[in-house]
Amino acid sequence: MSASYDAAAVAALADQPVSWQDKALPPGWWGRTVREILADRPRLSQLPTPLLTLSGPGMRHNLATMARWCADHGVELAPHGKTTMAPALWAAQLDAGAWAITLANGFQLGVARAFGVRRVMIANAVISPLQLRWIADELAADPEFEVLVWADSVRTVEQLEAARSAYVGPDARPLDVLVEIGGAQGRTGARDAETAVAVGEAIASASTLRLAGVAGYEGAIAHGADDAGLEHVRAYLQSLADVHAKLTDLYDDGLTPVVSAGGSAYFEQVAKVLGPLAPAARVVLRSGAYIAHDDGYYRQISPLGSAPRTDGDRLIPSMHGWVRITSQPEPGLAIFDAGKRDLPFDEGMPEPQLLRPRTEGDSPTPLTGLTVRKLNDQHGFLTFDGEPPVVIGDELRVGLSHPCTAFDKWGLIPVIDDPDAADPVVVDLVRTFF
């Protein structure tokens with residue numbers, strides 16, 4: 001058992017046989033374990049399309065870059081595990097120094113507990129009595145297990161207290177709850193300081209709960225990195241700091257309260273505004289997309305993306321799609337074999353990048369002048385001007401936008417040693433649980 005997760009359970013994933021349920025893998029691999037497959041050092045050319053891959057070197061760079069950045073700026077990291085739902089990647093994040101794993105609901109918490117994750121933040125309200133009873137049982141069974149949940153209304157606190165007080169005894173460990181602060185036109189979260197303070201007071205007064213800090217998500221209230229957008233983010237983050245200050249006298253003696261914000265788009269603003277609260281408070285980022293980064297939304301908006309807004313190494317896009325041209329039905333159009341069921345599309349279409357070698361020994365060819373116009377369920381529409389730069393049978397690498405809607409389409413994802421190579425080596429197979 002690791003200090004923060006069950007390393008044996010994570011390692012045991014390599015002993016699971018693959019099957020027809022794993023769409024990334026060829027029939028010749030069915031029935032073999034991940035460990036057996038990797039021992040042969042298979043190549044990308046042995047895998048069918050469509051395909052999603054991860055870059056091993058790229059992810060290692062991103063893990064080290066984010067860990068170093070957090071350490072340099074005096075903040076902690078609890079990466080949002082919903083991005084990948086891959087315990088092996090959670091383990092890598094925890095090994096790199098992450099304080100906790102963030103999740104979004106009870107099912108995801110169940111996955112984390114199956115792999116022994118010891119500290120979890122649920123960035124959501126958990127009010128299902130069944131889930132609250134299970135969490136109470138987990139807290140009772142494992143003294144080292146820690147979980148924090150959110151509440152944005154007194155009614156939510158009343159629901160938490162009613163469900164728990166009917167189930168746990170007076171000596172049960174309290175459930176740690178953070179007051180969630182929101183913003184106009186945002187998602188959940190108390191919309192004003194008065195409401196937020198009332199929520200904090202209700203938590204502190206409850207017999208089975210403990211007020212553990214404040215939290216929020218600035219990504220729900222801003223979508224750009226211009227001066228106006230960043231100022232809006234800073235104003236919102238200041239509202240978290242202000243509520244935290246109003247709640248100071250309600251925190252238990254000896255408790256280091258958590259003040260948490262920061263997705264993958266504005267974490268440098270969190271460090272600027274909330275960082276000064278440390279060490280009296282534990283300032284926790286929840287960035288999740290950084291491990292894969294991307295060639296779309298996060299490349300453009302991440303503080304460590306293509307136009308960096310902070311110090312530190314840039315993140316490396318480390319997820320790619322691989323597609324094959326299957327039809328050229330009319331001039332200026334080619335159809336490939338991947339669609340919405342295979343590749344993310346909600347934050348931008350795939351970006352054609354490389355043509356894999358048509359002849360063994362050749363190098364990949366960079367692609368320009370091609371655009372993915374749209375995706376159907378299982379087809380992609382590639383458009384171009386002039387003579388066709390691709391022919392039926394060609395295999396292309398495409399850049400992708402938005403990791404959060406990429407991982408969920410694949411139950412087993414190959415990790416390769418070099419996405420720019422003519423025929424990369426598959427060095428790992430990452431299992432997801434969605």
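In which loop does Leu315 lie? In this predicted model, Leu315 is placed in the loop between helix H11 (297-301) and strand E10 (319-330). Leu315 has a relative accessibility of 7% and therefore counts as buried, the limit being under 20%. Leaving aside residues up to four places away in sequence, the contacts of Leu315 are His61, Asn62, Thr65, Tyr290, His293, Ser302 and Leu304.

Strand E10 itself contains His320. This histidine also counts as buried, because its relative accessibility is 4%. With residues up to four places away in sequence again left out, His320 touches Leu51, Leu52, Thr53, Asp295, Gln353, Arg397, Val398, Leu400 and Pro419.

An open sheet is formed by eight strands, in the order E2-E9-E8-E7-E6-E5-E4-E3, with parallel pairing. Strand E2 (76-77) and strand E3 (101-103) are the edge strands, and each of them pairs on one side only. E2 is joined to strand E9 (residues 282-285) by two bridges, and the two strands run parallel. Within this pair, Leu77 has Leu285 of E9 as its bridge partner.

Leu285 also belongs to the largest nonpolar core, which has 125 residues. The residues with the most contacts inside this core are Leu175, Val179, Leu274, Leu285 and Leu382. Helix H9 (residues 227-247) gives the most to the core, with eight residues. Another core, of 12 residues, lies apart from it and includes Ala78, Trp99, Ala100 and Val258. The contacts of Leu285, not counting residues up to four places away in sequence, are Met66, Trp69, Cys70, Val75, Glu76, Leu77, Ala78, Ala261, Gly262, Phe267 and Val270.

A separate pairing involves strand E14 (residues 371-375) and strand E15 (residues 380-383), which are antiparallel and share four bridges. The two strands form a hairpin, with four residues between them. Lys374 has Phe381 in E15 as its bridge partner.

The largest pocket holds about 680 Å³ of space. Its lining consists of 35 residues, and those closest to its centre are His80, Lys82, Arg187, Tyr217 and Tyr298. By class, the lining of the largest pocket comprises 13 nonpolar, 15 polar and seven charged residues.

The second largest pocket has about 260 Å³ of space and is lined by 16 residues. Glu146, Leu148, Asp176, Arg210 and Leu255 lie nearest the centre of this pocket. Strand E5 (146-151), strand E6 (175-180) and strand E7 (209-215) are the elements that give two or more residues to its lining. Of the elements, E5 gives the most, with three residues. The lining of the second largest pocket has 10 nonpolar residues, one polar residue and five charged residues.

A search of the whole structure for cavities of 30 Å³ or more finds one. The volume of the largest cavity is about 30 Å³. The residues that line it are Tyr5, Val10, Pro87, Trp90, Ala91, Phe115 and Val117. Helix H4 (residues 87-95) gives the most to this lining, with three residues. The lining of the largest cavity has seven nonpolar residues, with no polar and no charged ones.

Methods:
Residues numbered from 1 in each chain as written. Predicted model: local features only at pLDDT ≥ 70, side-chain atom pairs only at ≥ 80, totals over all residues. Heavy atoms only, no water. 1 Å grid on protein atoms, 1.4 Å probe; cavity = no way out; pocket = protein on both sides within 12 Å on 5 of 7 lines; lining within 4 Å. Points joined across faces, edges and corners; volume = space filled by probe spheres on them. Nonpolar A, V, L, I, M, F, W, Y, C, P; charged D, E, K, R; others polar. Buried < 20%, exposed > 50% of the residue type's maximum accessible area, 1.4 Å probe, protein only. Contact = heavy atoms within 4.5 Å. Pairing = 2+ DSSP bridges. Core = buried A, V, L, I, M, F, W, Y, C linked by side-chain atoms within 4.5 Å.
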